[in-house]
Every structure is written in structure tokens, then in C-alpha cells.
2 protein chains.
Amino acid sequence: MTFSDIDNGWSGSDTLLSRDEFEAAIRAVGAERYHDKHPFHKMLHGGELNKGQVQAWALNRYCYQAAVPRKDAALMSRVHNRDLRREWMHRVVDHDGLGEEPGGIERWLVLTDGLGLDRNDVQSMRLALPATKFAVEAYVRFVREEPLVVAVASSLTELFAPKIHKERISGMLENYDFIDDTVMAYFRRRLNQAPRDADFALEYIKQHALTRREQDACIAAVEFKCNVLWVQLDALRHAYVDGHIPPGAFRPEGA
Amino acid sequence: MTFSDIDNGWSGSDTLLSRDEFEAAIRAVGAERYHDKHPFHKMLHGGELNKGQVQAWALNRYCYQAAVPRKDAALMSRVHNRDLRREWMHRVVDHDGLGEEPGGIERWLVLTDGLGLDRNDVQSMRLALPATKFAVEAYVRFVREEPLVVAVASSLTELFAPKIHKERISGMLENYDFIDDTVMAYFRRRLNQAPRDADFALEYIKQHALTRREQDACIAAVEFKCNVLWVQLDALRHAYVDGHIPPGAFRPEGA
């Protein structure tokens with residue numbers, strides 16, 4: 001059963017939204033549900049976490065980073081239009097790199113290195129929270145199986161990303177003595193990449209969601225994606241702030 | 001039901017093949033079944049086809065070319081190892097291009113342009129033989145669903161490709177006045193690309209097929225892939241040499 005079989009988010013209306021209404025509805029999802037609203041993010045940016053908690057965040061978030069090129073390749077594998085595949089390939093290259101370009105996952109590992117985490121622990125994902133891995137794989141599955149325009153829409157949390165990245169760069173540099181400029185390279189790079197990708201995807205769904213049901217499914221896809229991100233922070237908060245670390249998961253020194 | 005559920009090609013033996021025996025078994029598949037043995041190819045290279053028949057070949061073969069980056073992206077979408085994704089991404093770039101590089105599909109369209117075919121007819125695939133499209137999509141499905149090492153093995157017909165490409169370049173240039181050097185750019189480029197990719201994939205399956213059943217499934221994958229190619233030439237021969245063009249398919253002028 002796919003997401004759209006059980007809940008494609010249809011509003012019950014058949015009235016097509018205008019381009020502007022459609023965009024506003026997408027943006028409203030972010031205003032309500034994007035993970036910059038999550039208490040764990042406020043703690044992360046505000047310097048309220050200890051190093052072990054920041055380690056837990058970076059180690060878990062790696063799972064998401066590592067899944068992104070797989071979900072983008074899954075999307076490409078469904079696309080018959082070469083121009084769209086070529087456009088989408090930039091995303092894979094942004095994360096995996098190509099030739100001399102190391103890519104965003106490598107920059108994420110520079111961050112986890114800087115936090116003193118072992119690369120094998122990070123890359124094996126064996127210490128990550130199961131909730132993280134379930135959420136991330138739900139995203140890959142969504143992009144592989146949902147209608148193409150809906151799969152594209154699920155990337156649109158990138159509309160909301162530059163703000164959180166800016167906050168993160170300044171907040172984390174200011175508040176943590178174990179964070180320096182080098183390890184923030186990932187976020188600095190995403191400041192340029194995310195808006196370009198988001199603009200493209202937004203225009204794509206405006207052109208290709210041709211019925212109200214498709215528009216509503218696109219809006220629901222952004223909600224779904226916000227849930228993918230939110231769940232990860234709920235799990236981090238429960239395990240590493242409230243102190244309920246599940247069996248087998250990363251235990252910071254002294255925890 | 002996937003290919004390996006119904007026939008993974010298991011020989012019944014549990015004795016692991018040596019690296020050399022395994023490679024020899026893969027190569028033996030090509031010696032027996034690669035489409036350079038097909039009568040239609042001998043006709044193509046030998047100058048025995050008329051222009052309409054060469055058009056039919058190029059128009060149908062476009063479906064295969066256009067599917068290749070989708071099957072390669074499908075493989076990447078399943079790969080958790082970043083190094084393997086980065087290696088495989090070259091294949092997508094080789095076909096789709098990236099940035100200034102137009103890629104192999106564009107070079108194929110230069111060939112179909114040169115043959116006087118309309119790009120819309122070619123790219124829409126609406127005039128292609130159904131047998132072509134079924135075979136090509138079976139390949140995409142195979143790579144998406146089969147065990148990863150078996151999916152990699154299915155690319156190994158590239159071991160046999162340089163010989164056919166060399167024959168094609170010289171044979172077609174010599175034998176057809178409607179073929180010139182420009183339109184053969186696709187094949188010239190593949191002379192370098194295919195051996196690099198084939199060497200990588202061959203080493204990969206030697207390292208990752210760790211049981212005889214996996215080795216046999218890899219050998220069967222090369223047979224499967226040879227069938228994908230052979231079926232396309234059977235369909236071309238039946239339609240355009242024997243003269244049984246099915247409803248809706250391309251009809252050369254005067255046919």
C-alpha cells in the first residue's frame with residue numbers, strides 16, 4: 001500500500017488552485033511543520049546541548065544524508081525525460097560528488113570527524129536510532145513509488161532549508177567550542193544548492209500537478225517529508241535529552 | 001515474481017568457480033549468444049539493408065539507449081556504498097550527459113537525424129516495435145529487482161561490445177552512402193567507455209559473488225541480457241526483413 005492509496009491528502013475540492021495559491025499552500029506546510037520548529041533544533045542552535053548530544057545528532061543525521069542520493073537516483077530511474085534526469089543528476093552529484101568533487105556526504109563526515117566520531121561507526125549506521133532509519137527509508141520508498149510529481153514535491157522542504165542552515169552555522173559556531181568553521185562546510189555549501197533545487201522543483205510541480213487531487217497530493221508530500229524530518233528529532237530528543245537511549249544505539253561518553 | 005525466483009541459472013553444483021573459470025563462463029555466454037551472432041547484425045554491417053531498414057533499427061534501438069540511464073539510476077538507488085554509486089554515476093553521465101557534455105543519447109539522436117528520422121517520432125517511441133519496448137523494460141525491471149551483484153552482472157555484455165562497435169563503424173561507413181563519420185560518433189565514444197565499465201563490473205562480480213549459486217545467477221544474468229538484445233533484432237528482422245510490420249509501428253517510405 002502506498003501513501004497515496006491511504007491518504008493522498010485530498011481536500012475534497014475539485015477546484016484547481018492558482019499557481020500562487022498552490023505555492024502558498026506548500027509554504028504553509030513549512031511554516032507549521034518544518035523541523036526548525038522542533039525543540040531539539042532550538043536546543044541545537046541555542047547551545048543547549050552537550051557534545052555527546054551533538055554527536056548523537058550528527059551520527060543519526062548521517063543516515064538521512066546517506067539516503068538522499070539513493071532517493072534521487074530512484075527518482076531518476078523513473079524519469080523518461082532526459083532533461084529532467086539531467087537536472088536531477090545535479091542533486092546526486094551534490095551529495096555523492098563526482099571525480100574531484102567530494103560531495104556533501106563527505107562534508108558531513110568532516111563534521112562527524114570534527115566531533116570525534118569514528119567513521120566506521122558513522123558509515124555503518126549500526127549505532128543510529130531505528131526510528132531514524134525507518135523514517136529515512138520511508139522517504140526513499142516514497143520517492144520510488146509515488147506518482148512522479150508527488151515524488152518531486154517531497155523534495156520541497158528545501159524551500160525552508162536556507163533559513164535553518166544560516167541559523168545553524170551562526171548558532172553552532174557561536175555556542176560550541178568543539179565546532180569550528182571547517183566542519184560547517186556542509187551547511188555553507190547547501191546555502192547555494194538548496195534554493196536552486198527548490199526553485200526547479202516548485203516550478204515543476206506547478207506545471208505538472210494538473211488536477212486538484214494532484215495538487216493536494218503534492219502538499220501532502222511536503223507534510224510527509226516534514227514528518228520524516230520531525231520524527232528524527234523526536235527520536236533524538238527522547239533518547240538523548242529525555243535520556244531513554246534504546247538498546248544498541250549510540251551512547252555518548254559518560255551517558 | 002523475479003527472474004531469480006523462477007530460474008537463477010543454478011548449475012546444481014556447490015563448487016565455487018575460480019576467478020578465471022567464472023570469467024571464462026561469462027565470456028562463453030557472449031561467444032554463444034551476443035547479438036553480433038544475429039543475422040540482422042550481419043546484414044546491418046554487411047551493407048545488406050536498405051535505408052528504411054537502417055532507420056527502423058536506429059529508431060528501435062533508441063528505446064534501448066534511452067532506458068540505459070534509467071536502469072543505471074535504478075541500480076544506484078539500491079546501493080548503500082558511496083564509492084560504488086560514484087563509479088556507477090559515470091554510466092549515467094555517459095548516456096545522459098551533464099552540463100556541457102551532451103551524452104550518448106544525444107549522439108544517438110545525431111544518428112537518427114542523419115538518417116532523416118523526425119526527433120519527435122524517435123523520442124516519443126510511439127513508432128517503436130512493442131517487442132523492443134518490452135525487452136528494454138524487462139532489463140530496467142531486472143536491474144531494479146534482482147540481487148545487486150546479479151544486476152551488476154547484467155551489464156557485462158559490454159565485454160563484447162567493442163568488437164561489434166568497431167565492425168559497425170567500418171562496416172556501416174563503407175557500405176552505406178547515407179552514413180557518414182559524424183553520425184557514427186556514438187559508437188566511436190563507446191569504444192573507450194564500454195571497456196572501462198566492463199572491467200569494473202567484472203572485477204565487482206568476482207569479488208561479490210561468493211557462492212556458486214550467486215556465480216551461476218551472474219552467468220544467467222549475462223544470458224538474460226543477451227536475450228534482451230537478441231529479441232530486439234529478432235523483432236526487427238521479422239518486421240522489416242521478413243516484412244511483417246505490426247500495427248502502429250514505423251513504416252519506412254515505400255514499405
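Start at the contact between the two chains of this predicted model. Select the touching residues: 16 come from chain B and 16 from chain A. Keep the chain B side on screen. Two helices, α4 (51–76) and α5 (82–96) of chain B, each supply at least two residues of the side that touches chain A. Colour α5(B) next. The largest share of that side, 6 residues, comes from α5(B). Now colour the chain B side by residue class.

**Next stop: a helix pair in chain B**

Select residues 19–33 of chain B for helix α2, and residues 212–241 of chain B for helix α12. How far apart are the axes of α2 and α12 of chain B, and at what angle do the helices pack? The axes lie 10 Å apart, and the angle is about 20°. Angles under 35 degrees count as roughly parallel, so α2(B) is roughly parallel to α12(B). Their crossing is right-handed.

Show side chains where the two helices meet. On α2(B), pick B:F22, B:A25, B:I26, B:V29 and B:R33. On α12(B), pick B:Q215, B:I219, B:V222, B:E223, B:C226 and B:W230. By class, this contact has 8 nonpolar, 1 polar and 2 charged residues.

**Over to chain A**

Switch to cartoon. Chain A has 12 helices and 0 strands. Trace the chain along its sequence and the pattern is α-α-α-α-α-α-α-α-α-α-α-α. The radius of gyration of chain A is 18 Å, close to the 18 Å that the globule rule gives for 255 residues, so chain A is as compact as a globular protein of that length. Draw a box along the principal axes. The C-alpha atoms of chain A fill roughly 55 × 40 × 35 Å.

Colour by burial. Of the 255 residues of chain A, 47% count as buried. Then turn to contacts between residues at least 6 apart in sequence. In chain A, 80% of these join residues at least 24 apart.

**Last stop: A:S11**

Zoom in on A:S11. Where is A:S11 placed in chain A? Look in the loop between α1 (3–6) and α2 (19–33) of chain A. A:S11 has 14 C-beta neighbours inside 10 Å, so A:S11 counts as partly exposed.

A:S11 and A:R212 are 201 residues apart in sequence.

Terms used:
Residues numbered from 1 in each chain as written. Chains lettered and ligands numbered in written order. Predicted model: local features only at pLDDT ≥ 70, side-chain atom pairs only at ≥ 80, totals over all residues. Axes fitted to C-alpha atoms, helices over the stretch in contact; angles between N-to-C directions. Helix = DSSP H or I, 4+ residues; strand = E, 2+ residues; numbered from the N terminus. Parallel < 35°, antiparallel > 145°, perpendicular 65-115°, else oblique. Left-handed = near helix turned anticlockwise from the far one by under 90°. Contact = placed C-beta atoms within 7 Å. Nonpolar A, V, L, I, M, F, W, Y, C, P; charged D, E, K, R; others polar. Buried ≥ 20, exposed ≤ 12 C-beta atoms within 10 Å, placed from the backbone. Rg over C-alpha atoms; globule rule 2.2 N^0.38 Å.
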